[in-house]
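Reader: I am new to this structure and would like to learn how to read its features. Please show it to me and start with the terms.

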Amino acid sequence: MMSKKGGNRGQEFEVLVDSSIIRIPPHHYIHVLDQNTNIARVEIGPLTYIRQDNERVLFSPVRMAMVPPRHYCVVSNPVARDDNGQVLFDQSGQAKLRHADLEIRLAQDPFPLYPGEEIQQDVTPLQIVYPDTALRLQALLDFEEEEGGEKRVAGDEWLFEGPGTYIPRKEVAVLETIKATVIRENQAIRLRARKEGVDRGGVQRVTGEEWQVRKVGAYLPGAHEEVLDIVNAFILTDKKALHVRALRPFKDMGGRERRTGEEWLVTMADREAHIPSVAEEVVGVVNVTTLSSRQYCVILDPVGPEGKPQLGQKRVVKGERSFFLQPGEHLEQGIQDVYVLSEEEGLVLRAVEAFNDTEQREEEEDEEELGEERAKRSRRSGILRRPGDRWMLRGPIEYVPPATVEVLLKRQAIPLDENEGIYVRDIKTGKVRAVIGHTYMLTQDEELWSKDLPQNVENLLASPRDPLADRSDRSKAVEARDRDKTKVVSYRVPHNAAVQVYDYREKKARVVFGPEMVMLGPDEQFTILSLSGDKPKRANVIKAVCLLLGPDFFTDVITIETADHARLQLQLSYNWYFDIKTPVDPDKEAALFSVPDFVGDACKAIASRVRGAVASVQFDDFHKNSNRIICSSVFGFDEKLAVRSNLRFNQNNLVISSVDIQSVEPVDQRTRDALQKSVQLAIEITTNSQEAAARHEAERLEQEARGKLERQRITDQAEAERARKELLELEALSASVESTGAAKAEAQSRAEAARIQGEAAVDEAKLKAEAQRIEAEAELQRLSKAREQELSYKKEMDRLEVEKQEKLAQIESQRFKQLVESLGSDTLKEIARAGPELQVKLLQSLGLKSTLITDGSSPINLFTTANGLLGALPGQGQ
């Protein structure tokens, strides 16, 4: 459809252009080309144009360009005009054009475009510049301002500030629209000059120079100024300060000269809000350092009174105080607590520099006798301290170390019980001692000393085994526990045991009997016992600190050989104890530990005696008399050739009280087989005899059981016959009882039924009579109630009738009275006399003297005859 419309319009345009008569409406124009001279001209409507043959219309009528108020358009290649605004033409009649030139046309009457003119920019509204905004303009050509006559050179820049409407010029280009920057309280804007010039404050600026504007309000930067950023002020409080560094020499807001790189603090004392200038940079925000009354700090490289840092020096600041760290200052160990020492605490101090120590202390004393309050006494002492001096300050005191003093250690009194202690070494002399049984605080020249023990002793002390209860149990793994080596080594000696402690400095040994607590001195060590163990005995199996005094036993396995060369293996258990009596002689104490392995030595000695005794006897004799032979060989014989009761080792007073033969086993295989065969044969003989006896006993028991069974069977049969007889008797008796009972029960049931029927009839008659009585009473009661109701009804009706009659009589009497009153007495008299008189006249007219007429059905009332004769009054009978 659109293509068809476009084709139609083209055809219409060709028809219109080729036509000879062209009607031009108002405010329209056409261009006509004279083909002879090849000059185009403008024809403006309203006009009816008649085209000549040598002319050609270039286009159909076009509406003139209209620029409304506050609008403009840009025309390129405009026509030249004279001073009166008329278009200039050349000699041939062609309009003169200013080629490659522009013309800005504002609001005016509609105008046509001459041949060669073009609208480069359509009609556009004029740009409105609002308040606090401006247009940055640049001159494209040299020209002179119409207002003011200012000359502009190409490249110049200036501002067109609002409010206003900007009228464009062909010599000027709009670079950008600049908006004013709003500066609030505690704000500033940072500006930089694009080129040399004077700012709005009248200050000469050079290219690249930066400055700030802090005046509150809207600031419109100049044409050669650019806004870098908005600088917010740092709000300073009592807890915050600003660390500032100078970027170049300048004079700060306080009027003080600052050099490049100089650093300083801006606090609330200087100003509440600080806006860094362009010559400053903010290093950071410094928080306030607050010290309580129980705190202090050490400032390194403090700033002196002149504001210069004192490098390498220290300054102690004690609370209660709040301050800011100056640039270059820093705390040595942060905020530290004041040393508050109790009576059980102390400080080890060392002098870093030489100084005179003047420490004022207040001591409080109680005067209990006088009952007065506490009195304070001050004592001032001056001591010259040299670098490296060590001393100790004891509590109770509150102490802040000065800058010339270094706190090495804080001592704490070590509470010790009676059985507790510590090893202390004097660092000057190197002497080590043990402090036991009281609370002790190390001095400045003392330190805790670690006592090292052999590893086997450490393992025995750290072992959780009980030396008495777990003496034969060696399967548990030893759990090593860390021991505080500075504490005095202690060991609980169990009951009936002894421990030997050797002092290597004094070259003496002491024996402690349990139960007792052994505490080692700095130069003392335990004597470790290495005893034989296992079966047969092996050396160095048992390691122990304490020696058990017994009584106890140990078991050994030995091999012997008889005179007939039968080798046997014996397992013997010996009961032993140490013969120690209190009080113990020092020589006997030392004798206890004189034999390092008393178990192995005793077992070897006893085994040798047993082997010697058994080697002289035959196997059969030894097998029969083994206990006697072994005991006699171990204990020996006394003067009376009796076996002694024990065996004593005089070296360590060990006593063997008894020997127990636990097992005897042949070592030779043939002997073991023969012994086993004889044992098996003896067991077989014994088994056969036991089987025969058991078999005989079983047969005897079987015969007895059979006899008992037969007797029981006969007895059971007799009992069964007796029971059958009783059963038959009971059956007969039950049959007779059953028949008798049935007849009796039937007769009793019939009699009972008859009795029940009679009683039921009697009860029924009684109930019927009672029902009839109740019905009669109910009927009588009903009738009496009915009669009473009827009587009441009659009485009420009669009463109502009487009342009615009384009411009617009253009404009638009242009516009659009113009637009589209304008629009057004279009228009544006349009425009364009128009847008899009429009758008299009637009778007189009939000639009758008296007449009586009746029908014979009703009797004649003679009593009223006279009345009738006399003439009764009407209504009297009623």
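Author: A residue is called buried under 20% relative accessible area, exposed over 50%, and partly exposed in between, with a 1.4 Å probe and protein chains only. This is a predicted model, in which local features need pLDDT of at least 70 and side-chain atom pairs count only at pLDDT 80 or more, while totals for chains, interfaces and linings use all residues. Residues are numbered from 1 along each chain as its sequence is written, and side-chain values use heavy atoms, with hydrogens and water left out.

Reader: Is K485 buried, partly exposed or exposed, and why?

Author: K485 counts as partly exposed because its relative accessibility is 36%.

Reader: Which residue forms a salt bridge with K485?

Author: Side chains of opposite charge can pair when their charged atoms come close. A salt bridge is a side-chain nitrogen of Lys or Arg within 4 Å of a carboxyl oxygen of Asp or Glu. K485 forms one with D452, and their closest N and O atoms are 3.4 Å apart. The pair links distant parts of the chain, 33 residues apart: K485 is in the loop between α2 (455–462) and β49 (490–493), and D452 is in the loop between β48 (446–448) and α2. Such names follow DSSP runs, numbered from the N terminus: helices are H or I with at least four residues, strands are E with at least two.

Reader: How many salt bridges does the structure hold?

Author: The structure holds 56 salt bridges. One of them joins the side chains of E176 and R136, at 2.9 Å from N to O. E176 lies in strand β18 (residues 172–179) and R136 in strand β13 (residues 133–139), so this pair ties together parts that are 40 residues apart in sequence. E176 is partly exposed at 31% relative accessibility, whereas R136 is buried at 11%. Salt bridges can also form a network, as with R98, D101, E103, R105, E117 and K170.

Reader: What is the order of the strands in the open sheet of three?

Author: Two strands pair if DSSP finds at least two bridges between them. Here the order is β30-β27-β32, with antiparallel pairing. The edge strands, β30 (263–266) and β32 (280–287), each pair on one side only. Strand β27 (residues 240–246) pairs with β30 over four bridges, and R245 stands opposite E263 in β30.

Reader: Which residues form the nonpolar patch on the surface?

Author: Patches take residues with over 30% relative accessible area and no salt bridge; like charges are joined within 9 Å, and nonpolar side chains (Val, Leu, Ile, Met, Phe, Trp, Tyr) within 5 Å. Accessible areas come from the Shrake-Rupley method with a 1.4 Å probe, and for residues only the protein chains shown count as cover. In this structure F816, L819, L823 and I831 form the patch, with about 370 Å² of accessible area together. Helix α7 (residues 669–823) gives the most to the patch, with three residues. L823 lies in this helix and is partly exposed at 37% relative accessibility.

Reader: How many helices and strands are in the protein, and why is it more spread out than a compact globule?

Author: The protein has nine helices and 60 strands. Its radius of gyration is 78 Å, well over the 29 Å that the globule rule gives for 878 residues, so the protein is more spread out than a compact globule. That radius is taken over C-alpha atoms, and the rule is 2.2 Å times the number of residues to the power 0.38. Buried residues make up 29% of the 878 residues.
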